[in-house]
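Good morning, and thank you for coming. I would ask you to keep the sequence and the structure in view while I speak.

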Amino acid sequence: MSGHYMSFEATASLRHDAETFIANIHKGVAASQSLLVQRVLDAFVNQCVETYFIAPADVAGLSPMSRKILVTAIATIRKTVQMVVGRIVRKLSNREMQPLAQFMDEIMFRDHSNPDGLAFIAFPLDAQLADRFRRMQQASRERQPQALAETVESFQFMAEEAITYFFDEPVAMLRLGPVLGKMARMGIDTTRSVTNTLIRRIFSTLDEQQLMAVLDYFCGLITDEAPVVGDALVQMEWA
């Protein structure tokens with residue numbers, strides 16, 4: 001699959017639980033999968049937090065004050081998402097979860113013949129945004145001054161693409177009723193707002209070396225095609 005992607009490696013436990021959920025929904029098992037899918041989604045959110053917040057903060061070496069801001073934002077996102085996910089999945093039948101299982105199957109790139117192998121979770125990244133990040137990275141390495149507003153905007157655009165792909169789109173697939181739909185939108189809007197505010201506050205505190213470290217980190221997540229791991233591009237047949 002051609003095009004730019006941003007991807008990260010899934011933990012072994014996340015892959016195992018996600019594949020179990022996908023297989024159970026695909027086979028039409030009778031037992032409710034709500035507890036399993038909640039565990040999968042909690043693990044997914046935790047890994048997103050690790051990949052997009054904690055790891056780059058570590059490479060940048062944030063100040064104690066910036067680290068405190070980060071920890072507070074992460075706690076808000078986790079609490080909001082876990083509350084919303086918990087309330088929604090308890091209301092869904094296995095059949096209603098099928099679009100979510102199919103979505104998980106599509107975004108997790110792995111070798112289906114090797115259950116113990118690597119797995120990557122990826123979302124498509126706009127080509128112009130990918131190029132913009134690489135230009136910013138090169139400019140940072142050449143010690144060229146960069147406008148704070150442009151840097152913040154670029155990271156907010158990247159966050160928006162991730163939130164839209166990982167949250168907005170699967171929620172739309174579930175076709176929730178008005179009450180659950182409103183709850184889901186509240187959770188997504190809170191995540192979006194907290195993330196944008198966090199980006200703006202943190203990047204205003206970074207020096208040149210810290211910015212270079214963060215740009216190097218995120219550019220390392222960008223690829224020019226979807227992750228290819230064995231037969232990763234082979235997908236299940238869904239009814």
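I shall go through the nonpolar core, the aromatic rings, the salt bridges and the pocket, in that order.

Please bear in mind throughout that this is a predicted model.

Let me begin with the interior. As a general matter, nonpolar side chains in soluble globular proteins tend to be buried together. In this model the largest nonpolar core has 74 residues. Which residues have the most contacts inside it? They are Met6, Tyr52, Phe155, Phe166 and Phe218. Helix H2 gives the most to this core, contributing 13 residues.

Setting aside neighbours within four places in sequence, Phe155 is in contact with Phe133, Met136, Ile199, Phe203, Val214, Leu215 and Phe218. Phe218, in turn, is itself among the residues with the most contacts in the core.

Helix H4, which runs from residue 98 to residue 107, shows how one element sits among others. Its buried residues are Leu100, Ala101, Phe103, Met104, Asp105 and Ile107. Against what do the buried residues of H4 pack? Their partners are helices H1 (12-27), H2 (34-60) and H6 (148-174), together with strands S2 (108-110) and S3 (119-124).

I turn now to the aromatic rings. A pair of such rings is described by the distance of the centres and the angle of the planes. The count comes to 10 aromatic pairs. One of them joins Phe133 and Phe155 edge-to-face, at 4.9 Å centre to centre and with 75° between the planes. This pair links distant parts of the chain, Phe133 being in helix H5 and Phe155 in helix H6, 22 residues apart.

Tyr165 and Phe166 form another edge-to-face pair, with 5.8 Å between centres and 65° between the planes. Tyr165 has a relative accessibility of 19% and so counts as buried, the cut-off being under 20%. Phe166 is at 6% and is likewise buried. Both belong to one aromatic cluster, together with Phe44, Phe103 and Phe123.

Tyr217 deserves a brief mention. Tyr217 lies in helix H8, residues 208-219. Not counting residues up to four places away in sequence, Tyr217 touches Thr51, Ala55, Pro56 and Val59. Tyr217 and Phe123 are 94 residues apart in sequence and 17 Å apart in space, C-alpha to C-alpha.

Next, the charged residues. Side chains of opposite charge can pair when their charged atoms come close. How many salt bridges does the structure hold? There are 12, and I shall describe three of them individually.

In one, Asp17 pairs with Arg39, with 3.1 Å between the closest N and O atoms. That bridge connects distant parts of the chain: Asp17 belongs to helix H1 and Arg39 to helix H2, 22 residues apart. Asp17 has 16% relative accessibility and so counts as buried, whereas Arg39, with a relative accessible area of 47%, is partly exposed.

In another, the side chains of Asp224 and Arg134 meet at 2.9 Å, N to O. Here too distant parts of the chain are linked, with Asp224 in strand S4 (residues 222-225) and Arg134 in helix H5 (residues 127-141), 90 residues apart. Asp224 is partly exposed at 49%, and Arg134 is partly exposed at 27%.

Asp189 and Arg192 form a salt bridge of 3.5 Å, N to O. Because these two are 3 residues apart in helix H7 (residues 178-203), about one helical turn separates them. Asp189 is partly exposed, with a relative accessible area of 45%, while Arg192 counts as buried at 17%.

There is also a network of salt bridges that links Arg15, Glu19, Asp105 and Arg110.

Finally, the empty space. Rolling a probe the size of a water molecule over the atoms shows where such space is left. The largest pocket holds about 220 Å³. Its lining comprises 13 residues, and Gln146, Leu206, Asp207, Glu208 and Leu211 lie nearest its centre. Which elements give two or more residues to that lining? They are H6 and H8.

Thank you for your attention.

Note on methods:
Residues are numbered from 1 along each chain as its sequence is written. This is a predicted model: local features need pLDDT of at least 70, side-chain atom pairs count only at pLDDT 80 or more; totals for chains, interfaces and linings use all residues. Side-chain values use heavy atoms; hydrogens and water are left out. Buried means under 20% relative accessible area, exposed over 50%, partly exposed in between (1.4 Å probe, protein chains only). Helices (H or I, at least four residues) and strands (E, at least two) are DSSP runs, numbered from the N terminus. Contact means heavy atoms within 4.5 Å. A nonpolar core is a set of buried Ala, Val, Leu, Ile, Met, Phe, Trp, Tyr and Cys residues joined through side-chain atoms within 4.5 Å. A salt bridge is a side-chain nitrogen of Lys or Arg within 4 Å of a carboxyl oxygen of Asp or Glu. Rings of Phe, Tyr and Trp (its six-membered ring) pair if their centres lie within 6.5 Å; planes under 30 degrees apart count as stacked, over 60 as edge-to-face and the rest as tilted. On a 1 Å grid over the protein atoms alone, a cavity is a set of points where a 1.4 Å probe fits but cannot get out, and a pocket is an open set with protein on both sides within 12 Å along at least five of seven lines; lining residues have an atom within 4 Å of a point. Grid points are joined across faces, edges and corners, and a volume is the space filled by probe spheres set on the points.
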